[in-house]
Amino acid sequence: MNGKKGSIRIDIHVNSSKAGITPESLKKPKTFVDQINLEYPSKWILDVWKFAKDDTNRVVFALKVGLACLLVSLLILCRAPYDIFGANIIWSILTVAIMFEYTVGATFNKGFNRALGSLFAGIFAIVVIQIAMSSGHIAEPYVIGLSIFLIGAITSFMKLWPSFVPYEYGFRVTLFTYCLIIVSGYRMGNPIRTAMDRLYSIAIGGLVAVLVNVLVCPIWAGEQLHKELVNNFNSLADSLEECVKKYLSDDGSEHPEFTKTVMDDFPDEPAFRKCRASLNFSSKLDSLANSAKWEPPHGRFKHFFYPWLEYVKVGAVLRHCAYEVMALHGCLHSEIQAPYNLRCTFQAEILDATNQAAELLRSLGKDVNIMKWSLHSNLLNRVHSSTEHLQHSIDLHSYLLTSKLPSKTFSFKEKDTSQLIDQQVELSRENSVKKQHKRMHSWPPRGIDEGNGENNGEVEMEMVPRMRALESTACLSLATFTSLLIELVARLDHLVEAVDRLAKMAKFKQDFTI
């Protein structure tokens, strides 16, 4: 009894451990943190492992930064150098952390900006300190404040000047180094000694960063640029072959919706995704070329003033060729498609032109990779010959690309087109009969239009030219595809010229055997 009239409470105690029953309500629910600890660590480890395995230089770079920071930290951990420089030695650690870059060229570039900016900042600070000290204690803070305002305004304006954009980091270093030196020197006393000690610390940090980056497993920007350009040649050739083969083998049975085509990442076309990614490498090529200019002769690039900018020019021409491949891919996934039988009619000519163009691209990439200067006249002539053959075939069978001739010309589509036209005409007749029946049984009754039969006949006659126009548009999509392929071959002439210019300026090994 629970004390209330008419109510009974019965408590049954069950020993769940003995019975082997664990009620769901007694189980402790898993929190979000528990789920993360169970699911995500293994995924994170796999992602990190894959990221490091894709490019082992990433691990090398991380270890080199750690080694450089350790070396400059010894200046603080050891008593002797700390007694000389004091707390100002922390600037060497900051210099290593800021200045150390992925490639040797980028480190030299940043080191030059760092050294130049620190030098100007130190000179300006010493001059302003002398002026401030000679102006008296009352005017000293005003002189320092005014100098900080002027230095900040001038450096911020000058780094926006187009000619000084590459030295933007140097202006920034000048600004914050000057401010830190002059303000801290004003409060700590003996500002000239403070400025000199900090400049020495910055020089030590920069020297350690350069030596570690150059002597310990160096990562050269020139080598990275060379590999990126060669990979772009191969990915463009693979994407071209992949796109054309899929276009010729697609019978339209698995044509996706337009929304899926736009949002799809095309997992079955890996070469296309590489080619699309290469279009976004223009900024990367420019950055690598600017960094490579700062590197000394190394490896295969043994002479001074190496023409790194020619790599950028070759990449620009190659990117224009990639635009045509992207356009071919757009035709492959467009809504209006040429009939499969019509594509098979020109299959041999299209495949021949594609294979010859891909072979030329791979040959150019191979020559750049091994740094060999060879003539490509044979390959280029074969590409032009195959393209002319394709053009001649299109001209010879141009009647297949229009629907103005009798239907016998379209023997390969006669059945499909006639069935489609008959269906449209039959549907039009059914609609007209329904409208007439509705008029006769409506209230109040309405008579049949006198010209209704003539209008129906006009509707039926209008469907035929519309279907013929749709058929002609679909056939002309093949002409669009072939014209893009011919335009790609025309751009290969400029690509060959750019590679020859690079080989001449970079002094590639000549091999003119045909």
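1. Basis of the note. The model is predicted, so local features need pLDDT of at least 70 and side-chain atom pairs count only at pLDDT 80 or more, while totals for chains, interfaces and linings use all residues. Residues are numbered from 1 along each chain as its sequence is written, and side-chain values use heavy atoms, leaving out hydrogens and water.

2. Overall composition. The protein chain holds 19 helices and 2 strands; these are DSSP runs numbered from the N terminus, helices being H or I of at least four residues and strands E of at least two. Of its 514 residues, 38% count as buried, a term for under 20% relative accessible area, with exposed meaning over 50% and partly exposed in between (1.4 Å probe, protein chains only).

3. Taking contacts between residues at least 6 apart in sequence, 81% join residues at least 24 apart. Contact here means heavy atoms within 4.5 Å.

4. The largest nonpolar core. This core has 64 residues, and Phe233, Tyr311, Ile350, Leu495 and Phe508 have the most contacts inside it. A nonpolar core is a set of buried Ala, Val, Leu, Ile, Met, Phe, Trp, Tyr and Cys residues joined through side-chain atoms within 4.5 Å. Elements giving two or more residues to the core include α10 (221-249), α14 (308-332) and α16 (347-370). Helix α19 supplies the largest share, 13 residues.

5. Beyond its neighbours within four places in sequence, Leu495 is in contact with residues including Phe233, Val314, Leu318, Cys321 and Leu361. Another core, of 11 residues, lies apart from the largest one and has Ala121, Ala132, Ile181 and Ala195 among its members.

6. Helices α5 and α6. The axes of α5 (residues 90-99) and α6 (residues 104-134) come within 10 Å and cross at roughly 135 degrees. Helix α5 is therefore oblique to α6, since angles under 35 degrees count as roughly parallel, over 145 as roughly antiparallel, 65 to 115 as roughly perpendicular and the rest as oblique. Trp91, Thr95, Ile98 and Met99 of α5 meet Thr107, Lys110, Gly111 and Arg114 of α6.

7. Ser291. This residue lies in helix α13. Ser291 counts as buried because its relative accessibility is 8%. Leaving out residues up to four places away in sequence, Ser291 touches Thr103, Gly105, Ala106 and Ala221.

Notes
Axes fitted to C-alpha atoms, helices over the stretch in contact; angles between N-to-C directions.
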